Amino acid sequence: MEGLTIATAGERLRDGSLKAVDLLAGVLKTAADTEAQIHAYLNIDRSGAGEAAERADNELAAGVDRGPLHGIPVALKDNMMTRGLETTASSQILAGYVPPYDATVVSRLREGGAVIVGKTNLDEFAMGSSTENSAYGPTYNPWDINRIPGGSSGGSAAAVAAGSALVGLGSDTGGSIRQPASLTGVVGMKPTYGTVSRYGLIAFASSLDQIGPLSRTVEDSALTLETIWGHDPLDATSYRGYYPDLFSGIGDGVDGLKVGVVKELAGEGYEPEVHEHVSSMVERLRSSGAEVVEVSLPTFDIALSAYYLIAPAECSANLARFDGIRYGLRVEGETAEEMMSRTRASGFGPEVIRRILLGTYALSAGYYDAFYGQAQRVRSAIRDDFARAYQQVDVLVSPTSPTVAFEAGERTADPLSMYLSDICTIPCNLSGDPAISVPIGLDSRRLPIGFQVMAPALGEPMLYRVASAVESLAGFDARPTIEMVAT
Amino acid sequence: MPVEIDIAHVARLARLGLSDSELEHYRGQLAVILEHAARVQELEGDPEVDVTHPLGIVNAFRPDEVRPSLDRDEVLDQAPDAKDGYFVVPPAMEL
Amino acid sequence: MIWESVIGIEVHVELATRSKMFCGCAVGFGDEPNTNICPTCLGLPGALPVPNEAALESIMAIGMALNCTVAPTSVFHRKNYFYADLPKNYQISQFDVPICIEGHLDVTVGDATRTVGIERAHMEEDTGKSTHVSVGGRIHAASSTLLDFNRSGVPLVEIVSKPEIHSAAEARAYAQSLRSVVAELGVSDARLEEGSIRFDANVSVRSEGQEALGTKVEVKNMNSFRSLERAVQYEIDRQIELIESSGTVVQETRHWDEDAGVTRSMRTKEGSSDYRYFAEPDLVPMRMDEEWVERIRATLPELPADRIERYVASGLDAGLAAVLSRSDFPMRALYESAVSEGADARSAANWVTGEVTAWLRREDRADAGDLLTGRQLAELIDLIDQGTVSSSAAKDVLDGVLSGEGDPGAVARSRDLLQISDTAAIEEAVDTVLADNPDALESLRSGETKVLGFLVGQVMKATQGKADPRLVNEVIRARGGD
Ligand SMILES: [Mg+2]
Ligand SMILES: [Zn+2]
């Protein structure tokens with residue numbers, strides 16, 4: 001079962017040489033062997049997954065084919081609503097919360113016959129880059145259990161890397177899919193804003209959040225996205241137009257494409273080994289026929305600053321609903337206001353409180369224009385920069401993260417240094433464009449390095465075309481070994 | 001640029017009941033982050049703020065149709081305090 | 001010192017759509033608590049809003065009826081404040097780009113009509129309902145609060161007037177005509193007692209001729225037109241008194257206490273309201289293109305203002321036209337059909353608002369229903385014009401028709417109310433009267449016309465008012481010997 005992908009497992013599920021229940025059993029066995037060290041999951045739904053797997057076997061045997069994810073074990077980041085299954089966003093304030101409805105992506109997975117293994121760990125409310133900000137303890141990196149898997153979708157990334165799921169869903173607000181993918185050696189993709197429904201995703205920053213897949217291969221990424229994307233009438237920001245064929249370019253190579261290397265995403269703060277791997281991949285793209293040009297997007301230098309005003313501002317309102325009245329934690333008080341204030345102060349972790357305070361400040365009277373208002377202007381300028389760049393090139397490339405996986409606790413004391421790990425991924429959240437991280441190798445410490453490809457809005461086919469070329473040029477097939485994890 | 005922050009006021013607006021030492025701790029961190037965030041003011045020119053959807057979506061509406069509501073018991077089951085079909089909270093008076 | 005009061009009014013109108021503003025829950029008044037709730041209107045984690053198109057068309061219609069411009073583009077904002085009955089702890093509302101701007105509404109007090117400017121009308125969502133379970137009925141001793149979210153997310157239109165209202169009576173009249181516009185459009189139940197229309201008033205006073213506005217006080221919690229008028233009057237008087245006793249008005253929100261008949265400071269913690277508005281990222285902009293706007297405009301019914309104009313043009317005075325035009329005036333149809341049956345507009349209006357209304361009030365009925373048709377009213381008026389019945393006798397005829405005795409002509413006959421227009425009969429009656437009043441006849445002959453009235457009266461009395469007064473007059477004058 002080692003090395004199975006959605007594609008290969010799918011074939012065997014259909015030719016009868018593999019049963020969904022056995023595939024699930026294998027995944028659960030891996031989880032049993034690795035969870036103690038990795039802690040990718042907050043909650044494994046054995047019974048629910050078992051039933052789904054049996055149903056899949058019966059349906060497939062009866063010739064009912066629900067599509068590429070039929071019978072495939074999927075890990076869900078715990079900020080997506082699952083009816084009847086505890087959903088906490090790794091926060092104390094939602095301890096024990098059982099939602100009365102499914103997120104749209106979850107409904108689509110169910111309709112697609114997917115087997116939901118369980119809910120994975122994340123930085124509380126998806127705020128963080130290491131999965132250390134979890135009220136239920138951190139997740140560790142399968143490549144080195146003394147290191148973090150990145151975040152905030154670190155649980156889903158680690159599960160896919162360790163093999164305790166074939167594919168995972170994450171959410172990406174500033175890099176929360178791509179950065180952990182990069183740090184755990186898997187493929188992580190953020191779709192065009194508006195193409196995957198946010199209905200049922202616990203909002204962090206509504207104008208930036210987007211759900212996407214973490215997978216072993218680029219093909220699996222496309223197969224999963226194909227299942228979950230599409231218009232949703234329950235999400236007013238959902239795209240109603242034509243959704244392109246994700247596979248139209250896969251396998252076509254890069255011959256004749258124009259690839260732009262982002263000047264601003266290199267140099268100081270970037271680990272030399274990361275830089276070397278990325279540069280050599282760029283060279284291989286060139287030698288495979290791509291025309292490579294350096295592109296400057298000057299506003300990238302202040303993108304991080306804009307992000308750390310816009311995202312907290314939106315989260316300060318999005319998280320206001322957690323007030324101890326309708327669900328979740330309550331710490332009693334004399335008045336409703338006192339109860340709310342106590343509940344929120346003890347229910348939220350430090351990073352969440354920090355961002356709520358930051359966003360509240362940035363929106364408050366007297367500071368709005370200088371901070372939030374100006375950040376929105378920067379955001380518009382970033383969109384303009386991208387638009388200009390895409391007039392010259394088909395895709396933009398960069399490292400996904402300036403560094404490989406860092407050590408647990410290394411950056412927890414210094415918020416700013418933690419924020420800097422999203423420097424390469426944030427611009428595409430601000431523009432709404434799609435981007436993907438593909439593993440291209442290991443550094444001298446056997447820690448994975450990711451390569452980011454960015455494309456214009458709805459440019460997913462081009463994104464996957466280039467990503468699959470990168471994938472085959474890299475020939476990355478290393479896996480963290482169970483023995484290593486188990487030590 | 002050094003940033004002045006009335007942290008107690010901000011915490012009150014956000015309904016976060018923090019102790020004085022906690023407030024001071026966060027004020028210090030916010031000062032550092034905001035000093036970095038203030039770099040947005042380095043932006044050259046003064047582009048129109050464009051709050052529109054990246055795909056230019058407008059007029060996303062729903063028809064005026066009634067959809068079934070949630071089961072009250074299932075919902076109240078999640079509430080810290082409920083009684084006779086109501087959610088119950090400590091007195092919520094602005095007086 | 002002469003004082004001028006400056007009043008602006010904010011009106012919140014609940015729309016009578018089938019479903020709520022941003023979700024598919026039913027809009028229902030008085031349902032079991034928390035039975036019309038879903039993830040969206042309950043603010044559950046992950047839920048998203050999607051605007052109700054019918055609600056937007058309703059506010060567009062309201063805007064047009066108030067002579068507003070419908071903005072070509074508009075967006076929703078989040079208004080951030082914590083309150084137990086506000087599930088998301090922000091209200092989806094509008095800030096600097098509302099859907100309707102710059103309108104006006106005509107307001108009639110007595111027979112003076114003034115135009116009050118409308119600053120804006122914007123779309124927002126209602127909150128849930130709090131019930132304060134109190135000890136000993138004292139609110140500040142409330143022991144807990146019960147929350148029902150059925151009302152949460154009901155579409156709400158907020159209409160903000162310009163500070164161009166200058167008396168409590170005008171404030172009341174403004175609220176009333178606004179209500180009738182909304183009722184006329186059929187976009188709201190417009191029931192004050194159910195809170196489907198709510199008023200807040202911003203009141204300030206300044207010495208006459210002074211340019212700058214005085215400090216304004218927001219007065220809340222008026223649940224009838226009367227209490228709105230009382231509250232505004234009280235607040236005007238309170239502020240004048242305060243200033244004259246060399247005190248100063250503080251900017252604050254005050255609560256109207258209906259029973260005590262006073263406004264009370266709500267003592268909200270200062271600095272507590274900083275709404276931190278920002279564009280709602282869960283929603284996309286709205287474009288109200290020409291075609292859409294015109295499609296809505298085409299569906300608008302005739303509004304009170306237009307109707308008043310039409311009535312005045314047809315010869316009614318402003319006061320009468322205003323009464324007939326009130327959207328809640330029950331007998332407009334009767335009036336309209338009488339006129340279409342050929343009755344003179346003024347007479348028809350006078351009868352409908354006068355005798356008919358009086359009769360119905362005596363019988364305490366709301367409207368004439370099928371007791372009286374436009375054709376019958378037109379016939380009655382015709383009988384008077386033809387001199388077939390005197391206007392005094394006509395009242396009895398009306399009574400007969402309303403009592404179901406048949407058409408006016410028949411009633412006049414059966415009740416023996418036809419006017420005597422045959423000269424012989426009248427001369428006989430006149431002679432009898434003159435014979436009984438020789439000295440009156442004397443003075444008449446000596447040219448004293450003032451007895452004329454007395455004599456006519458006597459003759460009418462003798463004929464139980466059936467004689468044609470004009471004829472009686474002529475005959476007496478003739479006997480008077482000219
Ligand atoms: Mg309002
Ligand atoms: Zn609802």
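## Salt bridges, backbone and fold in a predicted model

Asp257(C) and Arg264(C) form a salt bridge in which the closest N and O atoms are 2.3 Å apart. The structure is a predicted model.

Over all chains, the count of salt bridges is 60. One of them crosses between chains, running from Asp282(C) to Arg198(A). The closest N and O atoms of this pair are 3.2 Å apart. Asp282(C) sits in the loop between strand 15 (278-279) and strand 16 (286-287) of chain C, while Arg198(A) sits in the loop between strand 5 (187-190) and strand 6 (211-215) of chain A. Both Asp282(C) and Arg198(A) are buried.

A further salt bridge links Glu351(A) to Arg355(A), with 2.6 Å between the closest N and O atoms. The two residues are separated by about one helical turn, because they are four residues apart in helix 11 (residues 350-363) of chain A. Glu351(A) and Arg355(A) are both buried.

| Acidic residue | Basic residue | Closest N and O atoms |
| Asp257(C) | Arg264(C) | 2.3 Å |
| Asp282(C) | Arg198(A) | 3.2 Å |
| Glu351(A) | Arg355(A) | 2.6 Å |

Backbone geometry comes next. Most residues other than glycine have a negative phi, and most peptide bonds are trans. Thr131(A) has a positive phi, near 60°. This residue belongs to the loop between strand 3 and helix 5 of chain A, and Thr131(A) counts as buried because its relative accessibility is 0%. Arg15(B) likewise has a positive phi, near 50°. Its place is the loop between helix 1 (7-13) and helix 2 (20-37) of chain B. With a relative accessibility of 10%, Arg15(B) counts as buried. The peptide bond from Gly151(A) to Ser152(A) is cis, with omega near 10°. Ser152(A) is in the loop between strand 3 (115-120) and helix 5 (154-162) of chain A.

Chain A as a whole contains 16 helices and 11 strands. Its C-alpha trace spans about 65 × 55 × 50 Å along the principal axes. Buried residues account for 69% of the 487 residues in chain A. The accessible surface of chain A is about 13,900 Å², and 51% of that area belongs to carbon and sulfur atoms. Chain A carries 38 positive and 60 negative side chains, with the centres of the two sets 3 Å apart.

Of the contacts in chain A between residues at least 6 apart in sequence, 76% join residues at least 24 apart. Val278(A), in helix 8 (residues 272-287) of chain A, and Phe451(A) are 173 residues apart in sequence, yet their C-alpha atoms are 6.4 Å apart in space. Not counting residues up to four places away in sequence, Val278(A) touches Ser398(A), Pro399(A), Ile440(A), Gly450(A) and Phe451(A). Val278(A) is buried, with a relative accessible area of 8%.

Note on methods
Residues numbered from 1 in each chain as written. Chains lettered and ligands numbered in written order. Predicted model: local features only at pLDDT ≥ 70, side-chain atom pairs only at ≥ 80, totals over all residues. Heavy atoms only, no water. Buried < 20%, exposed > 50% of the residue type's maximum accessible area, 1.4 Å probe, protein only. Contact = heavy atoms within 4.5 Å. Areas by Shrake-Rupley, 256 points an atom, 1.4 Å probe, with all protein chains shown as cover. Lys, Arg positive; Asp, Glu negative; His and termini not counted. Charge placed at Lys NZ, Arg CZ, Asp CG, Glu CD. Salt bridge = Lys/Arg side-chain N within 4 Å of Asp/Glu carboxyl O.
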